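Keep the model in view while reading.

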Amino acid sequence: MNKDKGVIAIAGASSGTGREMARYLASLGYRVSFSARREKLLKEIEREITKSGGEAFAIRADMALYDEAKGFIEKTVERFGRIDVLVNNVGAGIRFADFENYTKEEIERGVSVNLMTVLYACKVVIPYMKKQKSGHIINVSSILGKLSRSGFAIYSASKQAVEGFSRALLNEVRKHGIKVSILAPAAIQTEWAEKAGVELPSDTRFLKPMDLAKAVQVLIETPPHVDIWNLDMISSEQVIDPF
Ligand SMILES: NC(=O)c1ccc[n+]([C@@H]2O[C@H](COP(=O)([O-])OP(=O)(O)OC[C@H]3O[C@@H](n4cnc5c(N)ncnc54)[C@H](OP(=O)(O)O)[C@@H]3O)[C@@H](O)[C@H]2O)c1
(Lines give C-alpha, C1' and ligand atoms only; values in the text may rest on other atoms or scores of the structure.)
Protein backbone atom coordinates (compact mmCIF):
# COMPACT_ATOMS: atom_id res chain seq x y z
CA MET A 1 0.00 0.00 0.00
CA ASN A 2 1.17 3.52 -0.80
CA LYS A 3 1.40 4.96 2.73
CA ASP A 4 1.89 8.58 3.67
CA LYS A 5 -0.33 10.41 1.28
CA GLY A 6 -1.00 12.61 4.29
CA VAL A 7 -2.52 12.65 7.76
CA ILE A 8 -6.28 12.88 8.23
CA ALA A 9 -7.99 13.37 11.60
CA ILE A 10 -11.67 12.44 11.64
CA ALA A 11 -13.75 13.55 14.62
CA GLY A 12 -16.85 11.40 15.13
CA ALA A 13 -15.85 8.09 13.59
CA SER A 14 -17.12 5.21 15.72
CA SER A 15 -20.08 4.63 13.40
CA GLY A 16 -21.80 5.78 10.22
CA THR A 17 -20.03 8.11 7.84
CA GLY A 18 -16.99 8.79 10.03
CA ARG A 19 -16.21 5.08 10.32
CA GLU A 20 -16.50 4.65 6.56
CA MET A 21 -14.29 7.70 5.97
CA ALA A 22 -11.59 6.24 8.26
CA ARG A 23 -11.65 2.83 6.58
CA TYR A 24 -11.79 4.15 3.02
CA LEU A 25 -9.21 6.92 3.37
CA ALA A 26 -6.82 4.51 5.12
CA SER A 27 -7.28 2.06 2.24
CA LEU A 28 -6.14 4.85 -0.12
CA GLY A 29 -2.90 5.25 1.84
CA TYR A 30 -3.72 8.14 4.16
CA ARG A 31 -2.66 7.86 7.81
CA VAL A 32 -5.82 8.33 9.83
CA SER A 33 -6.59 9.25 13.40
CA PHE A 34 -10.18 9.22 14.57
CA SER A 35 -12.16 10.03 17.67
CA ALA A 36 -15.53 9.44 19.33
CA ARG A 37 -16.74 8.43 22.79
CA ARG A 38 -17.32 4.68 22.18
CA GLU A 39 -13.79 3.41 22.58
CA LYS A 40 -14.54 -0.25 21.89
CA LEU A 41 -15.88 0.58 18.43
CA LEU A 42 -12.90 2.83 17.71
CA LYS A 43 -10.47 0.06 18.66
CA GLU A 44 -12.26 -2.39 16.34
CA ILE A 45 -11.85 0.04 13.44
CA GLU A 46 -8.19 0.58 14.33
CA ARG A 47 -7.58 -3.18 14.35
CA GLU A 48 -9.39 -3.67 11.06
CA ILE A 49 -7.41 -0.94 9.28
CA THR A 50 -4.09 -2.08 10.74
CA LYS A 51 -4.80 -5.69 9.74
CA SER A 52 -5.32 -4.65 6.14
CA GLY A 53 -1.99 -2.76 6.07
CA GLY A 54 -3.19 0.77 6.83
CA GLU A 55 -2.07 3.15 9.55
CA ALA A 56 -4.73 4.05 12.10
CA PHE A 57 -4.84 5.71 15.50
CA ALA A 58 -8.02 5.53 17.60
CA ILE A 59 -8.39 8.23 20.25
CA ARG A 60 -11.30 8.26 22.68
CA ALA A 61 -12.49 11.83 23.05
CA ASP A 62 -15.70 13.63 23.84
CA MET A 63 -15.29 16.40 21.30
CA ALA A 64 -17.89 18.54 23.09
CA LEU A 65 -15.33 19.01 25.89
CA TYR A 66 -12.60 21.46 24.92
CA ASP A 67 -9.74 19.63 26.65
CA GLU A 68 -10.64 16.31 25.03
CA ALA A 69 -10.97 17.92 21.60
CA LYS A 70 -7.55 19.49 22.18
CA GLY A 71 -6.17 16.11 23.21
CA PHE A 72 -7.42 14.52 19.99
CA ILE A 73 -5.60 17.04 17.80
CA GLU A 74 -2.44 17.05 19.95
CA LYS A 75 -2.19 13.25 20.10
CA THR A 76 -2.62 13.06 16.33
CA VAL A 77 0.28 15.48 15.79
CA GLU A 78 2.43 13.67 18.41
CA ARG A 79 1.86 10.36 16.65
CA PHE A 80 2.05 11.38 12.99
CA GLY A 81 4.09 14.61 13.14
CA ARG A 82 1.54 16.70 11.26
CA ILE A 83 -2.12 17.07 10.42
CA ASP A 84 -3.12 17.67 6.81
CA VAL A 85 -6.89 17.28 7.00
CA LEU A 86 -9.38 17.63 9.83
CA VAL A 87 -12.88 16.30 9.20
CA ASN A 88 -15.35 17.62 11.79
CA ASN A 89 -17.96 14.91 11.43
CA VAL A 90 -19.41 14.83 14.96
CA GLY A 91 -23.11 15.51 15.02
CA ALA A 92 -26.37 14.23 16.40
CA GLY A 93 -30.03 14.74 15.72
CA ILE A 94 -32.28 16.08 18.43
CA ARG A 95 -35.73 14.55 18.73
CA PHE A 96 -38.33 15.94 16.32
CA ALA A 97 -40.28 18.59 18.31
CA ASP A 98 -41.51 22.16 18.25
CA PHE A 99 -38.86 24.42 19.75
CA GLU A 100 -40.92 25.32 22.82
CA ASN A 101 -41.10 21.66 23.79
CA TYR A 102 -37.34 21.11 24.00
CA THR A 103 -35.84 21.02 27.46
CA LYS A 104 -32.97 23.34 28.38
CA GLU A 105 -30.71 20.26 28.39
CA GLU A 106 -31.76 19.24 24.87
CA ILE A 107 -31.06 22.76 23.61
CA GLU A 108 -27.62 22.80 25.22
CA ARG A 109 -26.75 19.28 24.08
CA GLY A 110 -27.86 20.02 20.52
CA VAL A 111 -25.72 23.13 20.23
CA SER A 112 -22.83 21.50 22.01
CA VAL A 113 -22.61 18.36 19.87
CA ASN A 114 -23.37 20.01 16.53
CA LEU A 115 -21.58 23.35 16.88
CA MET A 116 -19.15 23.50 19.82
CA THR A 117 -17.38 20.31 18.70
CA VAL A 118 -16.55 22.04 15.40
CA LEU A 119 -15.41 25.29 17.02
CA TYR A 120 -13.18 23.51 19.54
CA ALA A 121 -11.44 21.28 17.01
CA CYS A 122 -10.87 24.21 14.62
CA LYS A 123 -9.50 26.40 17.41
CA VAL A 124 -6.89 23.79 18.27
CA VAL A 125 -5.92 22.68 14.77
CA ILE A 126 -5.42 26.10 13.14
CA PRO A 127 -2.06 26.92 14.81
CA TYR A 128 -0.65 23.58 13.59
CA MET A 129 -1.91 24.14 10.05
CA LYS A 130 -0.64 27.74 10.04
CA LYS A 131 2.80 26.50 11.06
CA GLN A 132 2.71 23.94 8.23
CA LYS A 133 1.40 26.67 5.87
CA SER A 134 -1.12 24.10 4.66
CA GLY A 135 -4.15 22.19 5.78
CA HIS A 136 -7.74 21.42 4.96
CA ILE A 137 -10.68 21.63 7.36
CA ILE A 138 -13.88 19.88 6.30
CA ASN A 139 -16.92 20.71 8.40
CA VAL A 140 -19.81 18.30 8.00
CA SER A 141 -23.08 20.19 7.98
CA SER A 142 -26.41 18.94 6.66
CA ILE A 143 -29.06 19.88 4.17
CA LEU A 144 -30.60 21.44 7.30
CA GLY A 145 -27.58 23.72 7.39
CA LYS A 146 -29.22 25.38 4.40
CA LEU A 147 -32.93 24.63 4.69
CA SER A 148 -35.00 25.10 7.84
CA ARG A 149 -37.73 22.64 8.77
CA SER A 150 -40.26 22.70 11.60
CA GLY A 151 -39.38 20.19 14.27
CA PHE A 152 -35.64 20.59 13.62
CA ALA A 153 -35.02 24.08 15.05
CA ILE A 154 -31.99 23.27 17.22
CA TYR A 155 -30.34 21.01 14.68
CA SER A 156 -30.97 23.54 11.85
CA ALA A 157 -29.71 26.43 14.00
CA SER A 158 -26.53 24.56 14.91
CA LYS A 159 -25.74 23.33 11.40
CA GLN A 160 -26.46 26.78 9.91
CA ALA A 161 -24.08 28.22 12.50
CA VAL A 162 -21.46 25.68 11.38
CA GLU A 163 -21.89 26.95 7.82
CA GLY A 164 -21.69 30.64 8.82
CA PHE A 165 -18.65 29.94 10.95
CA SER A 166 -16.95 27.98 8.15
CA ARG A 167 -17.39 30.81 5.65
CA ALA A 168 -16.00 33.40 8.08
CA LEU A 169 -13.13 31.08 8.95
CA LEU A 170 -12.13 30.46 5.37
CA ASN A 171 -11.81 34.21 4.85
CA GLU A 172 -9.37 34.29 7.77
CA VAL A 173 -7.22 31.27 7.00
CA ARG A 174 -6.95 30.99 3.20
CA LYS A 175 -4.00 33.40 3.22
CA HIS A 176 -2.18 30.84 5.37
CA GLY A 177 -2.68 28.06 2.83
CA ILE A 178 -5.55 26.48 4.74
CA LYS A 179 -8.68 25.35 2.90
CA VAL A 180 -12.12 25.15 4.52
CA SER A 181 -14.94 23.13 2.96
CA ILE A 182 -18.52 22.58 4.05
CA LEU A 183 -19.82 19.09 3.29
CA ALA A 184 -23.61 19.17 3.50
CA PRO A 185 -25.46 15.89 2.96
CA ALA A 186 -29.16 15.09 2.98
CA ALA A 187 -30.38 11.80 4.51
CA ILE A 188 -27.73 9.11 5.00
CA GLN A 189 -28.30 5.50 6.02
CA THR A 190 -26.68 5.56 9.50
CA GLU A 191 -27.61 5.40 13.21
CA TRP A 192 -28.34 9.14 13.21
CA ALA A 193 -32.15 9.05 12.94
CA GLU A 194 -32.66 6.13 15.32
CA LYS A 195 -30.38 7.65 17.98
CA ALA A 196 -32.24 10.95 17.76
CA GLY A 197 -35.64 9.28 17.87
CA VAL A 198 -36.37 10.95 14.55
CA GLU A 199 -38.72 8.96 12.33
CA LEU A 200 -37.95 9.80 8.71
CA PRO A 201 -40.76 9.28 6.16
CA SER A 202 -40.85 5.66 4.94
CA ASP A 203 -40.17 6.75 1.35
CA THR A 204 -36.91 8.54 2.29
CA ARG A 205 -34.07 7.67 -0.08
CA PHE A 206 -30.67 7.65 1.53
CA LEU A 207 -27.06 8.37 0.68
CA LYS A 208 -24.67 5.66 1.88
CA PRO A 209 -21.74 6.29 4.24
CA MET A 210 -19.35 5.42 1.37
CA ASP A 211 -20.81 8.31 -0.66
CA LEU A 212 -19.59 10.65 2.05
CA ALA A 213 -16.18 8.97 2.27
CA LYS A 214 -15.75 9.45 -1.48
CA ALA A 215 -16.87 13.08 -1.18
CA VAL A 216 -14.04 13.69 1.29
CA GLN A 217 -11.65 12.12 -1.21
CA VAL A 218 -12.91 14.51 -3.90
CA LEU A 219 -12.43 17.49 -1.58
CA ILE A 220 -8.89 16.61 -0.51
CA GLU A 221 -7.64 15.36 -3.88
CA THR A 222 -8.75 18.46 -5.78
CA PRO A 223 -5.66 20.25 -7.17
CA PRO A 224 -4.04 22.68 -4.71
CA HIS A 225 -5.08 25.72 -6.76
CA VAL A 226 -8.78 24.80 -6.49
CA ASP A 227 -10.95 25.46 -3.42
CA ILE A 228 -14.31 23.71 -3.03
CA TRP A 229 -16.16 25.75 -0.42
CA ASN A 230 -19.45 23.83 -0.47
CA LEU A 231 -20.31 20.30 -1.40
CA ASP A 232 -24.04 19.63 -1.06
CA MET A 233 -25.14 16.04 -1.55
CA ILE A 234 -28.45 14.25 -1.85
CA SER A 235 -29.55 10.86 -3.09
CA SER A 236 -30.83 11.38 -6.61
CA GLU A 237 -33.95 9.47 -5.51
CA GLN A 238 -34.71 11.69 -2.50
CA VAL A 239 -37.45 14.21 -3.21
CA ILE A 240 -36.77 17.65 -1.74
CA ASP A 241 -36.99 20.99 -3.49
CA PRO A 242 -33.33 21.98 -3.58
CA PHE A 243 -33.82 25.69 -2.93
N1 LIG B 1 -27.53 10.52 8.87
C2 LIG B 1 -28.07 11.58 8.29
O3 LIG B 1 -29.19 11.52 7.73
C4 LIG B 1 -27.32 12.90 8.23
C5 LIG B 1 -27.76 13.86 7.33
C6 LIG B 1 -27.07 15.06 7.25
C7 LIG B 1 -25.96 15.28 8.04
N8 LIG B 1 -25.55 14.32 8.91
C9 LIG B 1 -24.36 14.60 9.72
O10 LIG B 1 -23.36 13.67 9.37
C11 LIG B 1 -22.45 13.50 10.47
C12 LIG B 1 -22.23 12.04 10.77
O13 LIG B 1 -23.43 11.47 11.23
P14 LIG B 1 -23.85 9.96 10.90
O15 LIG B 1 -25.06 10.03 10.06
O16 LIG B 1 -22.70 9.18 10.43
O17 LIG B 1 -24.37 9.49 12.35
P18 LIG B 1 -23.69 8.59 13.47
O19 LIG B 1 -23.47 7.22 12.98
O20 LIG B 1 -24.55 8.80 14.66
O21 LIG B 1 -22.26 9.28 13.69
C22 LIG B 1 -22.02 10.33 14.57
C23 LIG B 1 -20.63 10.15 15.14
O24 LIG B 1 -20.38 11.26 16.03
C25 LIG B 1 -19.86 10.72 17.23
N26 LIG B 1 -20.16 11.62 18.34
C27 LIG B 1 -21.37 12.05 18.78
N28 LIG B 1 -21.21 12.86 19.83
C29 LIG B 1 -19.87 12.96 20.05
C30 LIG B 1 -19.07 13.65 21.00
N31 LIG B 1 -19.62 14.42 21.94
N32 LIG B 1 -17.72 13.51 20.92
C33 LIG B 1 -17.16 12.72 19.98
N34 LIG B 1 -17.86 12.05 19.06
C35 LIG B 1 -19.20 12.16 19.10
C36 LIG B 1 -20.55 9.37 17.39
O37 LIG B 1 -19.77 8.52 18.21
P38 LIG B 1 -19.95 8.25 19.78
O39 LIG B 1 -21.41 8.16 20.03
O40 LIG B 1 -19.19 6.99 19.98
O41 LIG B 1 -19.30 9.42 20.47
C42 LIG B 1 -20.50 8.88 15.94
O43 LIG B 1 -19.25 8.28 15.68
C44 LIG B 1 -23.07 14.29 11.63
O45 LIG B 1 -22.46 15.57 11.70
C46 LIG B 1 -24.52 14.43 11.22
O47 LIG B 1 -25.16 15.52 11.84
C48 LIG B 1 -26.20 13.12 9.02
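In which hand, left or right, does helix 1 pass helix 7? The crossing is right-handed. Bear in mind that this is a predicted model.

**The helix pair**

Helix 1 covers residues 16–27 and helix 7 covers residues 209–221. Their axes come within 8 Å and cross at roughly 55°. The two helices are therefore oblique to each other. From helix 1, the contact uses Gly16, Thr17, Glu20, Met21, Tyr24 and Leu25. Among their partners in helix 7 are Pro209, Met210, Leu212 and Ile220. By class, this contact has 9 nonpolar, 3 polar and 2 charged residues.

The open sheet has 7 strands in the order 3-2-1-4-5-6-7, with parallel pairing. Strand 3 (56–60) and strand 7 (230–233) stand at the edges. Each has a single partner strand, so one side of each is left without a neighbour in the sheet. On average, neighbouring strands are turned by 15° against each other, direction ignored.

Strand 4 (residues 85–88) and strand 5 (residues 135–140) run parallel and are joined by 4 bridges. Leu86 stands opposite Ile137 in strand 5.

**Helices on the sheet**

| Helix | Strands touched | Direction |
|---|---|---|
| Helix 4 (residues 104–132) | strand 4, strand 5, strand 6 (178–185) | about 175° with strand 4 |

Terms used:
Residues numbered from 1 in each chain as written. Predicted model: local features only at pLDDT ≥ 70, side-chain atom pairs only at ≥ 80, totals over all residues. Heavy atoms only, no water. Axes fitted to C-alpha atoms, helices over the stretch in contact; angles between N-to-C directions. Parallel < 35°, antiparallel > 145°, perpendicular 65-115°, else oblique. Left-handed = near helix turned anticlockwise from the far one by under 90°. Contact = heavy atoms within 4.5 Å. Nonpolar A, V, L, I, M, F, W, Y, C, P; charged D, E, K, R; others polar. Pairing = 2+ DSSP bridges.
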